[in-house]
Amino acid sequence: MTTEPQRLQYLEAMGLTAWVARYALPNARPTTACEWELPEAAPAEAPGERLHALLDEAREAPAARPAEPKPSRAARAPRPGMARALLEEPPAQQAPAPIESAAAEPRAPQEPLRFAFQAACLEGRWLLLLAGEHPPGRTELQLLANLLRAAGIAAPLPVFQPFLWPMEEGLTAHEPLEEAREGLQAFIAGARRRGWSPERLLLFGEDEALEQVLSLQAERCPLLELPAWQGPALNEMAASAEAKRGLLPRLLAWGEAWRDSSEPPPDER
């Protein structure tokens, strides 16, 4: 069950501002309360009156009504005591015995998952995530630009923006993993409204909670339904020639994937 603070947190992740009234303006006229008039319940008819009303309706039925097939004798025969039961007051109904519920008790509030990343979208197509709270420095950005250029991707570097979960301190979580995934999906949904259309995910760096949320499997992110790759952080590659050499085969695959997705379908050429 989503609480109001959690709903506001998801809206903030989408980049939507939720306005909530917190103070009353001085000398403001109070809001007029609506008064709803509830209809009066019809008085219950006695059993005898109900039976006589049914008999009167049967006598006043038009004679021109088309003949209906006669019911069988078994269907015509009244049940013993039917009229007597209608004329008598109905017996007081006993309250049903409480049913013991076997449902498990609700889970106690837990600490939410905590993770942070820097996000950007290359030409609105490739989602770039840098694990960690710190934005990339000049060295990391230059290295990323060189990697993309080596892959044959001639696209200007986008601006990275931070994302931190949870977005509000002091909130508890009933389903920490599920709520964190919904928060990340809300962030991507809000970015789509601003023009992002991710086709692929590139994750630089490691973060245990973030990896648990994304759950990358076989170079794919099921949460976002995107092809995915995860490699060392940019600052680690900047300080390691071996890490940069190990990325060279991947750069060739990136270049092919970028060119394939850039070409229009045959019917649109």
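1. Glu-219 is partly exposed, with a relative accessible area of 48% (buried means under 20% relative accessible area, exposed over 50% and partly exposed in between, with a 1.4 Å probe and protein chains only). This is a predicted model, in which local features need pLDDT of at least 70 and side-chain atom pairs count only at pLDDT 80 or more, while totals for chains, interfaces and linings use all residues. Residues are numbered from 1 along each chain as its sequence is written, and side-chain values use heavy atoms, with hydrogens and water left out.

2. Glu-219 sits in the loop between H7 and E5 (helices, H or I of at least four residues, and strands, E of at least two, are DSSP runs numbered from the N terminus). Leaving aside neighbours within four places in sequence, Ser-215 is in contact with Arg-181, Arg-220 and Pro-222 (contact means heavy atoms within 4.5 Å).

3. Most residues other than glycine have a negative phi, and most peptide bonds are trans. Glu-123, which is not a glycine, has a positive phi of about 50°; Glu-123 is placed in the loop between E1 and E2 and counts as partly exposed at 46% relative accessibility. A cis peptide bond, with omega about 0°, joins Trp-165 and Pro-166, and Pro-166 belongs to the loop between strand E3 (161–165) and H6.

4. As for the overall make-up, the protein has 10 helices and 6 strands, and 29% of its 269 residues count as buried. Among contacts between residues at least 6 apart in sequence, 75% join residues at least 24 apart.

5. Helix H6 has 18 residues and reaches 26 Å from its first C-alpha to its last, close to the 26 Å expected at 1.5 Å a residue (the expected span is 1.5 Å times one less than the number of residues). The buried residues of H6 include Pro-176, Glu-179, Leu-184, Phe-187 and Ile-188. H6 is followed by Gly-195, whose phi is positive, near 110°.

6. The structure holds 10 aromatic pairs. The rings of Phe-115 and Phe-117 have centres 6.3 Å apart and planes at 15°, so this pair is stacked; the rings of Phe-117 and Phe-187, with centres 5.9 Å apart and planes at 70°, form an edge-to-face pair. This second pair links distant parts of the chain, with Phe-117 in strand E1 and Phe-187 in helix H6 (residues 176–193), 70 residues apart. (Rings of Phe, Tyr and Trp, the last by its six-membered ring, pair if their centres lie within 6.5 Å; planes under 30 degrees apart count as stacked, over 60 as edge-to-face and the rest as tilted.) Phe-117 is buried, with a relative accessible area of 0%, and Phe-187 counts as buried at 4%. Ring pairs link Phe-115, Phe-117, Phe-163, Trp-165, Phe-187 and Trp-196 into a cluster.

7. Helix H10 (residues 248–262) has 15 residues and reaches 21 Å from its first C-alpha to its last, close to the 21 Å expected at 1.5 Å a residue. Leu-251, Trp-254, Gly-255, Ala-257 and Trp-258 are buried in H10, and the buried residues of H10 pack against strand E1 (115–122), E2, helix H5 (138–150), strand E4 (200–204) and strand E6 (226–231).

8. Arg-107, found in the loop between helix H4 (82–87) and E1, counts as exposed at 55% relative accessibility. Not counting residues up to four places away in sequence, Arg-107 touches His-174 and Glu-175. The C-alpha atoms of Arg-107 and Glu-175 are separated by 8.7 Å, although these residues are 68 residues apart along the chain.

9. The largest pocket is lined by 16 residues, of which Leu-130, Ala-131, His-134, Ala-233 and Asn-235 lie nearest its centre. (On a 1 Å grid over the protein atoms alone, a pocket is an open set of points where a 1.4 Å probe fits, with protein on both sides within 12 Å along at least five of seven lines; lining residues have an atom within 4 Å of a point.) Strand E2 (126–131) and helix H8 (234–238) each supply at least two residues of the lining, and H8 gives the most, with 3 residues.
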